[in-house]
Amino acid sequence: MKKKILISSCLLGTPCRYDGKSVRRVDVTALSKRYELVPICPEVDGGLPTPRIPSERLGDRVVMRDGTDVTENFLRGAEHAYAVAL
């Protein structure tokens, strides 16, 4: 049985980045030979759309470039990733 590892969905080719694109990485998909890859996108899992306005951390908050506070979305996405990892 292969060990599972979480991988960002966009690295596996899912167009879920903020800009609606993916950044498929052959070296990452090659990991599937040794591991079961479990794709996740914390931003989408936290309820944010694709595409979306880019966000950045400001202190203990996460804020979109337009000033929208999306901290709760990021927390939900992180909680989901944690649950999937267990």
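Let's start at a turn. In the hairpin of β3 and β4, G59 takes a positive phi near 65 degrees. That hairpin has 2 residues between its strands. A quick caution: this is a predicted model.

Now the strands themselves. β3 covers residues 55-58, and β4 covers residues 61-64. They pair in the antiparallel sense, over 4 bridges. Look across the pair: E56 stands opposite V63 in β4.

Step back along the chain. Between α2 (42-45) and β3 there is a loop, and P51 is in it. Check the peptide bond from T50 to P51. Cis or trans? It is cis, with omega near -5 degrees.

Next, helix α3, residues 71-85. How far apart are its end C-alpha atoms? They are 21 Å apart. The helix has 15 residues, and at 1.5 Å a residue it should span 21 Å, so the two values agree.

Which residues of α3 are buried? They are T71, N73, G77 and A81. Seen down the helix axis, these buried residues fall within an arc of 160 degrees, so they line one face of α3. What do they pack against? β1, β2 (35-40), α2 and β4. The face away from the buried side carries E79 and Y82, both exposed.

Last stop: S9. Find it in the loop between β1 (3-8) and α1 (26-29). Buried or exposed? Its relative accessibility is 9%; buried means under 20%, so S9 counts as buried. Set aside its neighbours within four places in sequence, and S9 is in contact with T14, C16, P39, I40 and C41.

Note on methods:
Residues are numbered from 1 along each chain as its sequence is written. This is a predicted model: local features need pLDDT of at least 70, side-chain atom pairs count only at pLDDT 80 or more; totals for chains, interfaces and linings use all residues. Side-chain values use heavy atoms; hydrogens and water are left out. Buried means under 20% relative accessible area, exposed over 50%, partly exposed in between (1.4 Å probe, protein chains only). Contact means heavy atoms within 4.5 Å. Two strands pair if DSSP finds at least two bridges between them. The expected span of a helix is 1.5 Å times one less than its number of residues. The arc is that of the directions from the helix axis to the C-beta atoms.
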